[in-house]
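Open the model in your viewer and keep the selection tool handy.

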Amino acid sequence: MSNLSQEWYRCQIDRKRLKQLSKRNDRTPLLWFGSYLALIAGTGAGVVMTWNTPWVWAWLAGYSFLWGLTSSAVHELSHGTPFRSRWLNETWMWIFSWMGQFEPVSVRWAHAGHHSNTHHDEGDPELSEPNPVSWFTFFNVGLGLWATLFYWRTLLRMAVNDFDQVLIGAIPPAEVPKAVRNARIIVASYAAIVAWAVLAASWLPIVLFFAPRILGGPVTGFLHLTQHTGLRMNIRDHRHSTRSFTAGPLTRYCYFNMNHHIEHHMFPMVPFYNLPQLAAELAPQMPEPNRGLVGVYAEILRTIIRQHREPGYY
């Protein structure tokens, strides 16, 4: 059973240094998100220009890879920490939520619950791979199939004011009308894209706006699995329930530095662009990060295999 009354463990850090690292600005995230969106637009333009040619598959692969990671952008923006200006944070939150098939209000509150009760079998609305991790869960989450279907279904249900029990428990009652309104706007805009495709007798609008969420699902899914899969549950210490790993420049850029995931959970008010500095400050008090995605998955696979023999192992 979860012990939700305990306080979370936090590593020691100088208060002035933490305050410095928690400072937000508008320039850094604007350049980061802006360049990321420009890459998506550029690869999308490649899809359009090579439509009906074999080259479209190469452009679509890059487009889907980038589009699929919009969920990571939504994750950062849901904290309200990237931008100093709230209106910029909300604007970008809407852009990437629309692209990722998320309703902004419900995502924000569900994610707040995840941070309050990370990897607990009670109170974590985002718990998707509890121990012992089954192979079905591993591949279902990793390939992004569950997430795509879940968020489509959730949007459609919210549009008719129908919420599942997890979301009802996470969203304050006063916020529910906003979530319903937002879901209806998003669903209506999606319906307009479908109508456009039908009237134009073309698959291009569907491929541009819906296909990349599905095709890019494995990118998001297998990065998501790195965060908590196979680690200890129901403990108020992120060093045991959350995983950090070293990553190259491309992964850090597209994943918004979420490879520093223990640090993010321990100090969620630090903007994502300051996480490498925070990680350096906390390194002596932290477990050794996994060496890249290969190291992460070597650990995860060993853990799943052992959990099948020893269900209590983590």
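Start by selecting L301, which sits in helix α18; helices here are DSSP runs of H or I with at least four residues, and strands are runs of E with at least two, numbered from the N terminus. L301 counts as partly exposed because its relative accessible area is 32%, where buried means under 20%, exposed over 50% and partly exposed in between, with a 1.4 Å probe and protein chains only. Before you go on, note that this is a predicted model, in which local features need pLDDT of at least 70, side-chain atom pairs count only at pLDDT 80 or more, and totals for chains, interfaces and linings use all residues. Residues are numbered from 1 along each chain as its sequence is written, and side-chain values use heavy atoms, leaving out hydrogens and water.

E299 is partly exposed at 24%, while R243 is buried at 3% relative accessibility.

Next, pick E281 and R17, whose side chains meet in another salt bridge (2.9 Å, N to O). The two are 264 residues apart, E281 in helix α17 (residues 275–282) and R17 in helix α1 (residues 15–21). The count of salt bridges comes to seven.

Which residues are closest to the centre of the largest pocket? Select F102, E126, W146, Y151 and H224 to find out, out of 43 lining residues. The pocket holds about 830 Å³ of space. On a 1 Å grid over the protein atoms alone, a pocket is an open set of points with protein on both sides within 12 Å along at least five of seven lines, and lining residues have an atom within 4 Å of a point. Colour α8 (145–159), as the largest share of the lining, eight residues, comes from α8. By class, the lining has 19 nonpolar, 19 polar and five charged residues.

Finish with some backbone details. Most residues other than glycine have a negative phi, and most peptide bonds are trans. Select N131 and P132: the peptide bond between them is cis, with omega near -10 degrees. P132 lies in the loop between α6 and α7. Then go to N161, in the loop between α8 and α9, which has a positive phi of about 60 degrees. A201 has a positive phi of about 50 degrees and lies in the loop between α10 (176–200) and α11 (204–209). A201 is exposed, at 72%, whereas N161 is partly exposed, at 48%.

Key. On a 1 Å grid over the protein atoms alone, a cavity is a set of points where a 1.4 Å probe fits but cannot get out, and a pocket is an open set with protein on both sides within 12 Å along at least five of seven lines; lining residues have an atom within 4 Å of a point. Grid points are joined across faces, edges and corners, and a volume is the space filled by probe spheres set on the points. Ala, Val, Leu, Ile, Met, Phe, Trp, Tyr, Cys and Pro count as nonpolar, Asp, Glu, Lys and Arg as charged, and the others, Gly among them, as polar. A salt bridge is a side-chain nitrogen of Lys or Arg within 4 Å of a carboxyl oxygen of Asp or Glu.
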